[in-house]
Amino acid sequence: MIKQDLLLRAVVPAPVLAAGVFAGGFPLLAWATGVVYVLALVLLTEWGLRRTGRGTFGPADWITFARALLVGCAAALIASGGFSLSWLVGLVGVALLLDGLDGQVARRTGTASEFGARFDMEVDAFLILLLCIQVSRTLGLWVLAIGLMRYVFVAASWTMPWLTAPLYPSMARKTVAAVQGVVLVVAVSALLPFSVTFAAVALALASLVWSFGRDVVWLARHRVEHPPAARIVAITRATLRRPLGYGHNQAA
């Protein structure tokens, strides 16, 4: 059963990503992006399953996997450079619409897991980063700050373990995270005037900076002073296993 599950995860992405590359016009960079993405997707999901003690995907994990394939197609299109924006907007739109469905399925089937939550969050984070790359081609490299901020936060937590502490529930945090995807998709579509798009993305970045800043200040105020070295190692290891939300250090 485990071997069949791994085989499906290795075989299914090929025709899907090939279709995405075909839509992009077969440039070498698009092919290379698709191949690297497939390898990373298969290897990282297998590593995650083994690390969390699971052998196979659950129903919700397959939905997340489908979203990951759509994100891979988007990556191939963006790498190709010359493509119809409608293709990219369509792929990203479906991926965003499916976001949340995997969580509902996991809860209803009783298959919610640490791996599933982490998988879902990583797909979301990478999709946001891809959108930032595309938008930065017209608005400037500053847009990349939106997609990279979460990764910088995680990297910082490796040297400042107090950043890995659980955050309090916050509707504002969830709203800010959701706004990033919506604003970036609108920016990619190029439906609005340049000035309006620029202002919207700038406001999205400002709201993200505010959200990160608020949570970092809260974590700093509630951190444990001078934790023992063994505690730092334990927290750091826990960080690698914990589901990481797009904006912060846990699932939103």
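Salt bridges, then: a search of the whole structure finds nine, counting a side-chain nitrogen of Lys or Arg within 4 Å of a carboxyl oxygen of Asp or Glu. This is a predicted model, where local features need pLDDT of at least 70 and side-chain atom pairs count only at pLDDT 80 or more, while totals for chains, interfaces and linings use all residues. Residues are numbered from 1 along each chain as its sequence is written, and side-chain values use heavy atoms, leaving out hydrogens and water.

Start with D124 and R67, whose side chains meet in a salt bridge at 2.4 Å, N to O. D124 sits in helix α7 (residues 114-139) and R67 in helix α4, so the pair ties together parts 57 residues apart in sequence. Helices here are DSSP runs of H or I, at least four residues, numbered from the N terminus. R67 is buried at 0% relative accessibility, and D124 is buried at 12%; buried means under 20% relative accessible area and exposed over 50%, with partly exposed in between (1.4 Å probe, protein chains only).

Next, D215 and R173: their closest N and O atoms are 2.8 Å apart. D215 belongs to helix α10 (residues 194-221) and R173 to helix α9, so this pair ties together parts 42 residues apart in sequence. Both D215 and R173 are buried. Salt bridges that share partners also join R67, D99, D102, D120 and D124 into one network.

Last, E46 and R50 form a salt bridge of 2.9 Å, N to O. Both lie in helix α3 (residues 28-51), four residues apart, about one turn. E46 is buried at 11%, whereas R50 is exposed at 63%.

How values were computed
Helices (H or I, at least four residues) and strands (E, at least two) are DSSP runs, numbered from the N terminus.
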